[in-house]
Amino acid sequence: MTRECSALLPGVCAALAEPRLPGLDDTCLEKLLDWFRSLTWFDPTVELVQDNPCLTELLTSVLALPDPSPSILSFTLQLAGILASSQTRFQHLQQEELLGRLFGREGPRGSAAWEEASVRSAWVKGVHSMVQHQPALHFLCSSGGMDVIFALQGDPSLFVASAASQLLVHMLTFSLEAETPKALSTKDYEWPACAQMIVKHIEESLQSSSASHVEQSLKLLSSLFGSSFGSCYAAWTEVLWLAVAQQIESFLLEEPVEAQPVLANLLLNVARSPVFCGTESSFWALVTSALEHLTPVQAGPLAVGLLKLCKCPQDVRIQALTVLLQPMDCILRAASQPLEYAGLLDESVSDPVTVESLLSSKMSCAGLLCQSLAHLEKLLSLKHVRVDLPCVSLLHSLMTILQFCNGFLSPTSPLGSTISRNLINCFRVQKSALDVLAALSERKDCDTLIGSLLDVLLAYLQSPNTSPTVLKKTFQATSKWLVHLQELSCSNSQWQQTEKILEDVFLVLQKRLCSPCWEVRDSSLEFLTAMVKCLRDQKEFRQCLLSSEVLRLTENLLEDPESYVRASAVTAVGHLALITYFAPESPVLGNQYNKENTVAKLQEILSTDSEGFPRRAVISIFTTWLREGCTGQLEDTEQFVSRVIQTVERDLDWEVRLGGLELVEAFCSQTICQLSQCPYAPVCSAVTSATPQKELLQVFCRAKLFGFLFRSLCDCDKPVGQRACDVLIGLRGHFYPMSTLENPQEIEDSPAGRCIAWLQRTLRQGSLAQNFPTDGADGVDFQDPESMMLALGAVDLLELHDELNKSSDHVEESPQSLLQDIIATVGTIEDNEVDCY
């Protein structure tokens, strides 16, 4: 603690103990606690409380108040716990007889203040902070604290209940840390005293007739096995599990099974423990029983969790997959004539009637399907799935679900008719099914159904009943499957099929680009951009695109009344230009005119559009063009970049200015590589002798880069200044080896040197934007190569970098400032009373 803070602390403590204290902002008290946590973390000695007796006086004073405010009492409880976190300070507070009055039987837990959830929560947090040594454990066990914590597990406040459960996990784990490792058997073990109390409480609660007590203990067990206890204390984990396994099994055999979500989560956390790696373990038999007896809704999370585990036995893994596929299997069977399609599964884990009844109910049908589809999407996202997914059958089932949802399939079976009625126009299920469809596009074994699948997707794209959100998902799935189709076309010469599908897609797209709904227009443009990015090298795609009205319609949307649509249109036009105007052999007539027209239109949007989204899109597209080498020869690029940054630096949107810096960075990298004859790397590590520094500096000065970069250092939005500093540091690395940086003192004598010294001082003040000289008059000439060479070598960019990366509140939120703020707030008590109304 600094001398300044130590001098301020007595005044703060006296103010906090003042019964007439005005309502201090809780944020101030939290910051004060954070400060004490950091102090005690780095210094476990007793000196903190001995050298600052005002701390113990604060605890005593608050305890002496007849009716302390809940916020101050909560603060005091947490502060006491933090101070007692080291054994020496704990003993000091014990000698002062403070801990018993705060956390013991004579503490606030018997008072009216205990009715406040914030006080109970602070008591738990204080105890949690304190329990970092064995004396604190013994104190709690002997002072009745354990019974309080057990009771708080069922607190009406979920925050308090959760904190109590976390505290018990910490206490049990901590109590074992002092134990010496020894061989344990089921008949020969002895828990440490504190751990024994917790384990006994768990065992008794599991046998309780109270459902809430059972659920609390199951949650506690789940937290225990999911914590470091389950992963670091293998022997104790096994002992604890053997003590409760029989009771857990009895819960699974009950009809109906109680506390299903908690049981599923508990078993999954136990399965993650390294103790149960052996495939012969009786634990896995219990997991199998859970998959059979839990409802499909509750077994789903357990099943997908098991499939993510490396060590899960193969038979359990297959059973878990079966649980996830049962609803999909039921859909297929319900949609098919008898014997026409066998479904997904040869046999079910649980009674198929259960799944059928859930899908037959309007209330549960969508919920079950959405959950199953979400789990399958997670599974498909895994790089390595240690079980074979029946992708073709799954795809068939997804198509069936989508056809049920839009009414394009009329099943003949009674179950199919019921499910179809339940799913008609169900947006939730449509979106979930489309997500899984998109994920399946990565699989290579679904090729036989791709034609039928794209027919289903086209039907959704064409239907006027498709909602905008579902349409967006349909576009996303379609673009992924079109890419997959193109890969097949290349290998199988399926050109005619591909061309027909693309023609249909562009017809739909033309219609959707004219939709009165802006979300539909926006999604259509995003879909077009995604297709161009993936398929622009494909001849069939380019032909279908150019023979459609899509180009014209997209350019029209640059003037859309909705800013999101204008931004998406800018992005689409920018990527389309890579095909139409910037390709080596552009097929568009009037190519040069159209290109200039498009560039002019985008520059107009950048300088005049009233909304930020389109302007951000323009600067992003310009950067993409630059990186793709589309802006012509070096002289053309130089003029282009210069015009853009002169527009961008006046923009009020900081993200547009940041985009301008990204454009500058790309231009610098590209120019250095071109002039350095470095064809392989985007940025060369040094300027070669073949590229005079002067030539590079002249290009950058003519493009007016340095003025933009140095101004940006003082931008009111920190990310802009940080990026400008990074670019300048990168440029300095090209022009100066570290050992040859200029000495500012040696160059100040020259006129240019004096200007650079002024620049350095101004940058330190952060006021360059206000004091910036124009056209080099009476200041730095940012278009003079010699001056800029000096500036790069002399200005302390690393110091600026450190300053820019400091938190903006590094001064205001210092402990000293915090203590001063609290004293100042309390000092205004009389003014507050006078000015209250």
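## Aromatic pairs

Rings of Phe, Tyr and Trp, the last represented by its six-membered ring, pair if their centres lie within 6.5 Å. In this predicted model, ring pairs of that kind link Phe225, Trp241, Phe283 and Trp284 into a cluster.

The structure holds 17 aromatic pairs. One of them joins phenylalanine 506 and phenylalanine 541 in a tilted arrangement, with 5.6 Å from centre to centre and 45° between the planes. Because phenylalanine 506 belongs to helix α27 (residues 495–513) and phenylalanine 541 to helix α29 (residues 539–546), this pair ties together parts that are 35 residues apart in sequence. Phenylalanine 506 counts as buried at 2% relative accessibility, and phenylalanine 541 counts as buried at 0%.

## A charge over a ring

Arginine 616 lies over the face of phenylalanine 613, at 5.1 Å from the ring centre.

## Nonpolar core

The largest nonpolar core has 274 residues, of which Trp241, Leu306, Phe700 and Phe706 touch the most other members. Leaving out residues up to four places away in sequence, phenylalanine 706 touches Leu697, Phe700, Cys701, Leu728, Leu731, Phe782, Met788 and Leu792.

## Helix α4 and its cover

In helix α4 (residues 54–64), the buried residues include Cys54, Leu55, Thr56, Leu58, Leu59 and Val62. Among the elements that cover the buried residues of α4 are α1 (3–16), α2 (26–42), α3 (47–51), α5 (70–83) and α6 (87–95).

## Serine 205

Serine 205, found in helix α12 (residues 193–206), has 7% relative accessibility and therefore counts as buried, the limit being under 20%. Apart from neighbours within four places in sequence, serine 205 is in contact with His213, Val214 and Ser217, and its side chain makes a polar contact of 3.4 Å with the side chain of serine 217.

Key:
Residues numbered from 1 in each chain as written. Predicted model: local features only at pLDDT ≥ 70, side-chain atom pairs only at ≥ 80, totals over all residues. Heavy atoms only, no water. Helix = DSSP H or I, 4+ residues; strand = E, 2+ residues; numbered from the N terminus. Buried < 20%, exposed > 50% of the residue type's maximum accessible area, 1.4 Å probe, protein only. Polar contact = N/O pair within 3.5 Å; in protein donor to acceptor, adjacent residues only side chain to side chain. Contact = heavy atoms within 4.5 Å. Core = buried A, V, L, I, M, F, W, Y, C linked by side-chain atoms within 4.5 Å. Phe/Tyr/Trp six-rings, centres within 6.5 Å; stacked < 30°, edge-to-face > 60°. Lys NZ or Arg CZ within 6 Å of the ring centre and 35° of its normal.
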